[in-house]
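Here's a quick briefing to read with the coordinates open. Grab your viewer and follow along, topic by topic.

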Amino acid sequence: MTPFGLTLIWLLPVVGGAAVALLPPHLAKWLSVLVAVVTLALAALGAYAFNPLVHGYQFTEQVTWIPQLHADYFLGVDYISVWLVVLNALIGLIAVLATPVGGGPRTGRFLGLLLLMEGGMAGVFLSVDLLLFYVFWEAMLIPAYFMLWLWGEGERPLFASLKFVLYTLAGSLLMLVGIIGVFFFTGARSFNLPDIAAHQASPDIQFGLFFLFAIAFVIKVPVFPFHGWLRDAYVAAPTPMLLAFSGVMGKTGAYAMLRILIPLFHNPSLWWNWNQVMPWLAVAGIFWGALMALAQTDLKALVAYSSLSHMGFIVLGIFSFNQLGQQGAIVQMVNHGLIVPALFLLVAWLVDRTGTRDRSAFFGLAPRMPVLAGVFLVVSLAALGLPGLNSFVGEFMVLLGAWSYSPVLAVLACSGLVLAPIYMLRLFQGAMYAPATGEDLPHGHAGLEAAGHALAAPHNDLGAAQLALLAPLVALMFVIGLYPFLLTHLMSP
Amino acid sequence: MILAAAVNYSWSQAQGDLAQVSPFLVVTITLLVAIIVDLLLPAAARALAVAGIAVAGFLGAIAAALLLHAAGGHAAYSGFATGDDFAVFFDVFFAVLGILTVLVTHPYLARRGFLAPEFYVLLLAATAGMMVMGSATSLVTVFLGLELLSIALYVMTGFARKDTRSQEAGAKYLLMGGFASAFVLYGMALIYGATGSTVLSTIAKEAGSNSGSNLLLLGILLMGVGFAFKVSAAPFQMWTPDVYEGAPVAVTAFMSVGTKAAAFAIIIRVFLQGLPGVSTDWGAFLAFVAAASMVVGNLGAIVQTSLKRLLAYSGIAQAGYILVGLLGARPAGQDSVLFYLVAYLFMNLGAFAVLILLAGPAADSDRFEDLDGLGRRNPALAVVMTVFMLSLAGFPPTAGFIGKFFLFSAAVAGGYTWLVVLAVLMSVVSVYYYFRVIVHIWSPGPVEERVPVGLGPRVAIAVSVAFVIVLGILPSLVLGLAHLGAAPIALAAGR
C-alpha cells in the first residue's frame, strides 16, 4: 500500500463527490464510477496486503490534529474493519452504477452526495481516534439526509428524513457527552482508542458511559426498541442510496459496538449490567423484526424489517463475549451488507416493472421473468440462511458463540431463525408462482385489473446491465458460503 | 488621592496609557475623521467615502492591536483599562466584525433607500464601545463601554426612519436597555459599597476576604441580571426577538454578534477576574441562566415564522451554550468561550449576510417562504447558507461543532456534566429548526431573478464560510489564539 492509502480511501470519495456534484449528468456518472472503482481497488489492495498475524492496527497514519485536546488524526485497520472498508467501497460502486442518469443536473448532485456518504462511512471504519470517529459519524448523516429528503420516494420523504436525523442525532449527541466523559472520567486524557482501552474506569462510571455510547449505536443499527425511524426511512430512500444506507450505514453502529463498547467497557454495571441487557435486546429484535416482516404488505417495509431481524444476530454475536460469536458477527456484517442491498435492488426492479410495492398485487411473475425469479430465489435463500450460502456461516458462528454464553439465548435466537423462511418464502412464492386470484388483493378485482395491466407490459426480464450489478453480490454470497475462510483467516488473533 | 494622582499625571504617563488603548483610539479618531469628511464632501460621494474610511479605520485598529500585542500590553489608567492580550483579542474581533458588517451592509443600505454616512459613524461608535468593554478592568470603564455601545445601537435599530417596526424596535430597545443599564449600575454601586473600589483587581482582593457579604452578593446578582440582559440570556431575553425582528437586518447582524461578544468579554472580565473568590455564588446563578437560555431559546425557536426571530431565539440558545463553557474548568473554559465567539462571528454573520442579500427594496425578507427556491436561483448562496445552518446546529466538520465540543468538554471537566447533557438534548431540538431553514432553501419556489451579489457581500460571505469550514477541520491555530487571549484572565484568576 501507498503511505497514504487509508487517507485516500475516505478522501477520494469526498473530493470526488464534491467535484461530481458540479458536473453535467453523463460526465458526473463517469467520474463517479471512476472514483468508486479506484476506491474499491485501494480498499481491496488493503485487504490483500493485510497481515493476519499482526495484532492491532495496520497501515496506521497518525498526525497530531488538535494538540490542545490530545486529539490525533489517527487511521488504521484491523481485523474488525478491514472487510467493512471493502464492503463499503463495493456497495458504494454498485450504488453509483445503479443511479440512473436521466435526472438532469440533479443527477450530478445525487452522485456527489452518494460519494460523500461513502467517504464518511469509510472514515468511520478507519478512525482510531474517538473525536475523529465522531466527526465522520456525524458528517455521513448530512448527505444521507439530503438524499432521503430531496430524492425520497413516497408521500412524506421530508418527514422520514427529519425523523431519521432527529433520531440518530439524539443518540449521537449523547455519545458526544460520552466521548468527553471518556476523556476525563477514565483518566485516559486521550481520544486514542488503544490508550482509552488501557484505562478501565470504575463499574459505575462505565455504566454511565456505556449508556451514552450505546444509545447512539443502538439507534444507528437499529436494535429493538430503537428502530422507530427504520421503516419510514428505508421506504422513503431512493434505491441507490438505500443500497449504501441499508448495506453499510447500519453496520457502522454494529462496528462501533465492537470497536468501542466491547474493549472500553468491560464491566458497565451499577443498577444492572448493560452487557447482560444487550443480548436480550438483540434477541427481542430478531423476533420483532421477523414478526413485523410477516405482517408487511409493502415490499420495501418487509425487507426493512427482515433487516432489523438479521441485525439482531449481529448484535447477539457481539455481546456473546467470545471470539467465535464476535467473528460470526463480523462475518454476518459483511453478509448482511451483501444480501440486503441485493434484496432492495431486486425489489426496486420489481416495483419498476409492476408499478406497485404491494406484495399482494404480485403473482405469477416467474414464467414472464425467469431470470429475475431465479436471482430472487438465490438471494432469498441466502437471506434465510441456507447452508452453502453466506448467511448460514455467519449465523451459525453467532449461534455457537451465543450458546457458550447462554444456551437459553441461543435457543431463542434459533427459533427466531425459523421465522425467516416463512416471510422470505411466502414473499417469493406469492410474487413468483401464485396463480392469479383476486381474493388476496386489497382492492378486490379492481386491484387485480390494475396489477394485471402492469404485468401485461411487454416481456421485460432483467437486462445484462442489471445482472452485472447483482453479479458481484450473488457471486460473493456463494464464495463466502462455500469458503468462509476467505473472511475468517484475517481474524485469527 | 485621586486628585493627587491627577496632578502628577505626566505627559509620558499619558502616552503610555494611550498606547494601551491604541485600537480604541484609532477607531475613535476614524470616527471624528468620518464626521468631518461627511461635512466636506458632496452628498453623492459621502456614504461610500465614509464606508471606506470606516474600513480603513478598522484595519488600522487591527494593526494597532497587533503592535500592542507585540509590545506586550499591560494595565493602564491606574488599573481602569488594560492593553493585555484579552483586550487585544477582542479589539481584533470587533474590528473584523466591523469590516464584515460594512462589506455586507453597503449595498443593502442603498437598496433599502437609507444609505447615509451616519450609519457608519454609528457603527464606529458602537465598535469603539465594544473595544472599551474588551479592555475595561474597572466597573466604571465597563459601564462606559456598555453605554457607548448601547446608545449607538439604539439609534441604529431605529435607523429605518419610515419603517414603523424599526421605530418601535428602537424605542423598545432603548427602554429595555435603559432598564438593564440601571440594573448594572445598581449592582456596581453595591459592589463598590461592599469592596470600596471599582477596580477589578482591588475588588478581587476584597471580595475574597469578605465573601459572605450580602451586599456583595446582591450587587453581583443585579449586575449579573443586567449582563444577562445584554447577552440576551433567559429569563432576560424578552426584548431580543422583537428588536431583532424590527431592526434593519444589517443592524441585527451586527448587533447579534457584537453585543453578545462584548457582553461576554465583560462577563469574563468581571466575574472571573474580578470576583473569582465568590465563584460558587455567581456560578449557580450563571448555571441557571445557561439552562434557562438553552431551553427557552431552543423551544422558542421552533414555532417562529420569521427568520430574524428564529435567529434571535437561536442566539438566546447559543448564549446558553457559551455560558455552559464559561462555567467550565480554567483555563479551558475561557479558551473555549473565545473560540466559540470566533466561530459564532463567522457563522452567524454569514447567515445574516445571506438574509441581507435577500432583502427587498421595501422591506427585509425574513419569512421562511422568501428562501424557497434559493437552491435553484442562487445555488452557491444556498450551499453557503446550508453550511452556516449546519454550523449553527453543530454538525462536523464545521466551526460550530468543534466550538461546541470545546465548550462542552470544558464544562464536563469543570463538573457541569448535567448542564452538558441538557445542552446536547437541546441541540437535538435545535437541529429541527435549523433544518427547517435548510428545507426551505432547497424546496422548489417561485422562479425569480437570481439575487445579485455584489463584491462586498461576496468577499464577506466567502471569508465567513472559509473560516467556518477551516475552523471546523483545523481548529488548533485559532484555539491557540483564544488561549493566548484568555491567558490574562487565567493569570489574574489564579492569583
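**Around A:Phe110**

Leaving out residues within four places in sequence, A:Phe110 is in contact with A:Thr99, A:Gly103, A:Met147 and A:Trp151. Keep in mind that this is a predicted model.

- A:Phe110 sits in helix α4 of chain A, which covers residues 105–126.
- It counts as buried because 26 C-beta neighbours fall inside 10 Å, and the cut-off for buried is 20 or more.
- A:Phe110 and A:Met241 are 131 residues apart in sequence, yet 8.9 Å apart in space, C-alpha to C-alpha.

**α4(A) against α11(A)**

- Helix α4(A) packs on helix α11 of chain A (residues 239–264) at an angle of about 15 degrees, and the axes are 10 Å apart.
- The two helices are therefore roughly parallel to each other, as angles under 35 degrees count that way.
- Their crossing is left-handed.
- On the α4(A) side the contact uses A:Leu114, A:Met117, A:Glu118, A:Met121, A:Val124 and A:Phe125. Facing them from α11(A) are A:Pro240, A:Met241, A:Ala244, A:Val248, A:Met249, A:Thr252 and A:Tyr255.
- Sorted by class, this contact of α4(A) with α11(A) has eleven nonpolar, one polar and one charged residues.

**α17(A) and two partners**

- Helix α13 of chain A (residues 299–318) packs with helix α17 of chain A (residues 407–432) at about 155 degrees, with axes 11 Å apart.
- That angle makes α13(A) roughly antiparallel to α17(A), the cut-off being over 145 degrees.
- α13(A) passes α17(A) in a left-handed crossing.
- From α13(A), the contact takes in A:Leu302, A:Ser306, A:Ser309, A:Phe313 and A:Leu316. From α17(A) come A:Leu409, A:Ala413, A:Gly416, A:Ala420, A:Tyr423 and A:Leu427.
- By class, the contact of α13(A) with α17(A) has eight nonpolar, three polar and no charged residues.
- The other partner is helix α12 of chain A (residues 274–295), whose axis comes within 9 Å of the α17(A) axis and crosses at roughly 20 degrees.
- That makes α12(A) roughly parallel to α17(A).
- The crossing of α12(A) with α17(A) is left-handed.
- Residues of α12(A) that meet α17(A) include A:Pro279, A:Val283, A:Ile286 and A:Phe287. Among the α17(A) residues they meet are A:Leu412, A:Leu419 and A:Ile422.
- The class count for the contact of α12(A) with α17(A) is 15 nonpolar, one polar and no charged residues.

**The nonpolar core**

- The largest nonpolar core has 411 residues, and those touching the most other members are A:Val85, A:Ala254, A:Val315, B:Ala54, B:Phe93, B:Val324 and B:Ile356.
- Helix α15 of chain B (residues 332–358) gives the largest share of this core, 21 residues.
- Not counting residues up to four places away in sequence, B:Ile356 touches B:Val104, B:Tyr108, B:Val249, B:Ala250 and B:Ala253.

**Where chain A meets chain B**

- The contact takes 23 residues from chain A and 21 residues from chain B.
- On the chain B side, α18 (399–413), α19 (417–442) and α21 (476–494) each supply at least two residues.
- The largest share of that side, ten residues, comes from α19(B).
- By class, the side of chain B that touches chain A has 18 nonpolar, three polar and no charged residues.

- A cis peptide bond joins A:Val221 and A:Pro222, with omega about -10 degrees. A:Pro222 is in the loop between α9 (203–220) and α10 (230–236) of chain A.
- Another cis peptide bond joins B:Pro396 and B:Pro397, with omega about 0 degrees. B:Pro397 is in the loop between α17 (379–393) and α18 of chain B.
- A:His70 is not a glycine, but has a positive phi of about 55 degrees. Its place is the loop between β1 (58–66) and β2 (71–77) of chain A, and A:His70 counts as partly exposed because it has 17 C-beta neighbours inside 10 Å.
- B:Ser232 is not a glycine either, and has a positive phi of about 50 degrees. The loop between α10 (214–230) and α11 (239–246) of chain B holds B:Ser232, which is buried, with 27 other C-beta atoms within 10 Å.

Conventions
Residues are numbered from 1 along each chain as its sequence is written. Chains are lettered from A and ligands numbered from 1 in the order in which they are written. This is a predicted model: local features need pLDDT of at least 70, side-chain atom pairs count only at pLDDT 80 or more; totals for chains, interfaces and linings use all residues. A nonpolar core is a set of buried Ala, Val, Leu, Ile, Met, Phe, Trp, Tyr and Cys residues joined through C-beta atoms within 7 Å. A residue is buried if 20 or more other C-beta atoms lie within 10 Å of its own, exposed if 12 or fewer, and partly exposed in between; C-beta atoms are placed from the backbone. Helices (H or I, at least four residues) and strands (E, at least two) are DSSP runs, numbered from the N terminus. Two residues are in contact if their C-beta atoms, placed from the backbone, lie within 7 Å. Ala, Val, Leu, Ile, Met, Phe, Trp, Tyr, Cys and Pro count as nonpolar, Asp, Glu, Lys and Arg as charged, and the others, Gly among them, as polar. Axes are lines fitted to C-alpha atoms, for helices over the stretch in contact, and angles run from 0 to 180 degrees between N-to-C directions. Angles under 35 degrees count as roughly parallel, over 145 as roughly antiparallel, 65 to 115 as roughly perpendicular and the rest as oblique. A crossing is left-handed if the near helix is turned anticlockwise from the far one by less than a right angle, and right-handed if clockwise.
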